[in-house]
Structures are given as structure tokens and as C-alpha cells.
Amino acid sequence: MTPAEYQALTSPTLSHPARSLYQLYLQHQALGDKTQPLDYPLLGKALTVQGKGEYSYRVTPATLSGLVEELMAVGLLSLQHNPHPQHFHGAVFSLPLKHLQGLAPLPSRQFAMHADWRPDQQFAGLARLCGLLDSSLDEIELGEFIAYWLGRPEVFENQHQWMLKLVRKLKNQRSIKRTPAPSSESSYQQLPTKIETGPSKRAQQMMAEAQRLNATNPGDCESNEKNR
């Protein structure tokens, strides 16, 4: 299995029966990079589950056509010849991701992270496939990644999966670095200086209080004038 096949098979849009159809039958029994003519009765019998428990899975011709269309939608199958346009019985497909140039087969062995781990020569192509155009990394970035997973010895991945984790880490780190932090100058908005005109607020309060007293005690002012 190539990394491209692995990524297509792990697509969330792909059902488990479609994965089984591809891995256990179409790819396994392929003639080079092409499938044998699809035999609906044979494939239906192979995929049908008739257990004694509650779970059972019955495959009809319409079900098989739906599974084939799922595999075509994610790029695992490409139609080459179809004698019956209404269905895919007898059709021949190519497997475009089986021999994708530049991608090595996935190693089947899984292992825990170790201090000598390094990404292989396929890392740059895998990074571009995942949207990371700059796949360069320094010893600090690599060392942080290795140190983090050294502390989790229970995690076992194969080489391709470890490189995927490293690609995700680099994408996250670099997206954070590209986001500028708000500066104090840009976040602080200076308010225009208010120019005080006329009496101060305290003076206005004192004047208002004096006017109130004069209005409530007008006789006091007249008596003061007579005493003068």
C-alpha cells in the first residue's frame, strides 16, 4: 500500500465495506495496475455477513454499485471498460494510486518514537500533499517533536504516520508564527484631548448652589441691604 492509497482509504467519506472491497478483493486480486472484471455474485457473497448475533450485512447489486462509486469518488478506482452502463458487473478499473510516482510503499512495522528517528526522503512530497509548501525543518523543531513523543512510549506508528504527525506539528507552529500579535501602539487608541472652556466643573457646582440658596431665602438678602 502506498501513502496515497492509505490517505484515500482513511477518508471519512469512505465506508468500511468499501475499504474491505478495495483492500481484500480489488487490490489483492488485481492484475498489475488493473482489476479483474468485477463479478457481482462473487463479490456480494464475499462481503455478506451472516452472523449468529444481531449484526448482519447483506450485499445487493445496488449496494455493490454504491461501494464502487465511493472508491471512485476518493480516487482509488478509475473506470477503464464497462460493458453495462447501468451497473459495474464485468467492468474493469485501473488502480491509479497503486503505483503513484514518488511515493514509496508504507512500512507495515509500527514502532515507538526513538532518539535516532528521522523523516525519510518522501517527507517533502508528503508535506506538499498536505499543504505544507516549506518542508524544511531545523534541529530544534525536530528535537522538540522527538522529545514530545519519547515521553509517550505507548504510542506506536509506522514511518509514514510519524511523518504525518510531524507535518501537522510544523503546519500548526508556522500558522501561529504568521499571525501577528497585537502591538500596544495599534491596540491603544488615543482619545482626543478635551479642551476645557468656561468655568470648571467645581465652579459650576458652587454657582448652582448659590443660586439655589438665593431662590429659597430671598428675604435674607433684603434684610442685609437694610442693615447696611
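**Exercise 1. In this predicted model, find how helix H3 and helix H4 are arranged relative to each other.**

Step 1. Start with the geometry: helix H3 (residues 40-47) packs against helix H4 (residues 61-73) at an angle of about 90°, and their axes lie 10 Å apart.

Step 2. Now put a word to that angle. Angles of 65 to 115 degrees count as roughly perpendicular, and H3 and H4 are therefore roughly perpendicular to each other.

Step 3. Next, look for the residues that touch. H3 contributes Tyr 40, Leu 43, Gly 44 and Leu 47, while H4 contributes Pro 61, Leu 64, Ser 65 and Leu 67.

**Exercise 2. Work out which residues of H3 are buried and which exposed residues sit on the face turned away from them.**

Step 1. Pick out the buried residues of H3: Tyr 40, Leu 43, Gly 44 and Leu 47.

Step 2. Look down the axis of H3. Its buried residues fall within an arc of 100°, so they line one face of the helix.

**Exercise 3. Describe the setting of Ser 20.**

Step 1. Locate the residue: Ser 20 belongs to helix H2 (residues 16-26).

Step 2. Decide whether Ser 20 is buried. The cut-off for buried is under 20% relative accessible area; at 16% relative accessibility, Ser 20 therefore counts as buried.

Step 3. List its partners. Setting aside neighbours within four places in sequence, Ser 20 is in contact with Tyr 25 and Leu 47. Leu 47 is also one of the H3 residues in the contact with H4.

**Exercise 4. Find the salt bridges of the whole structure and describe each one.**

Step 1. Begin with the count: a search of the whole structure gives three salt bridges.

Step 2. Take Arg 174 and Glu 141, whose side chains meet in a salt bridge at 3.5 Å, N to O. Arg 174 is in helix H7 (residues 159-178) and Glu 141 in helix H6 (residues 139-150), so this pair ties together parts that are 33 residues apart in sequence. Both Arg 174 and Glu 141 are buried.

Step 3. Move on to Glu 144 and Lys 169, which form a salt bridge with their closest N and O atoms 3.8 Å apart. Glu 144 lies in H6 and Lys 169 in H7, so the pair ties together parts that are 25 residues apart in sequence. Glu 144 is partly exposed, with a relative accessible area of 40%, whereas Lys 169, at 18% relative accessibility, counts as buried.

Step 4. Finish with Glu 157 and Lys 165, whose side chains meet in a salt bridge at 3.7 Å, N to O. Glu 157 has 15% relative accessibility and counts as buried.

**Exercise 5. Step back and summarise the protein chain: its helices and strands, its buried share and its contacts.**

Step 1. Count the elements: the protein chain has 10 helices and four strands.

Step 2. Read them in order from the N terminus: α-α-α-β-β-α-β-β-α-α-α-α-α-α.

Step 3. Note the buried share, which is 29% of the 228 residues in the protein chain.

Step 4. Consider contacts between residues at least 6 apart in sequence: 66% of them join residues at least 24 apart.

Conventions: Residues numbered from 1 in each chain as written. Predicted model: local features only at pLDDT ≥ 70, side-chain atom pairs only at ≥ 80, totals over all residues. Heavy atoms only, no water. Axes fitted to C-alpha atoms, helices over the stretch in contact; angles between N-to-C directions. Helix = DSSP H or I, 4+ residues; strand = E, 2+ residues; numbered from the N terminus. Parallel < 35°, antiparallel > 145°, perpendicular 65-115°, else oblique. Contact = heavy atoms within 4.5 Å. Buried < 20%, exposed > 50% of the residue type's maximum accessible area, 1.4 Å probe, protein only. Arc of directions from axis to C-beta. Salt bridge = Lys/Arg side-chain N within 4 Å of Asp/Glu carboxyl O.
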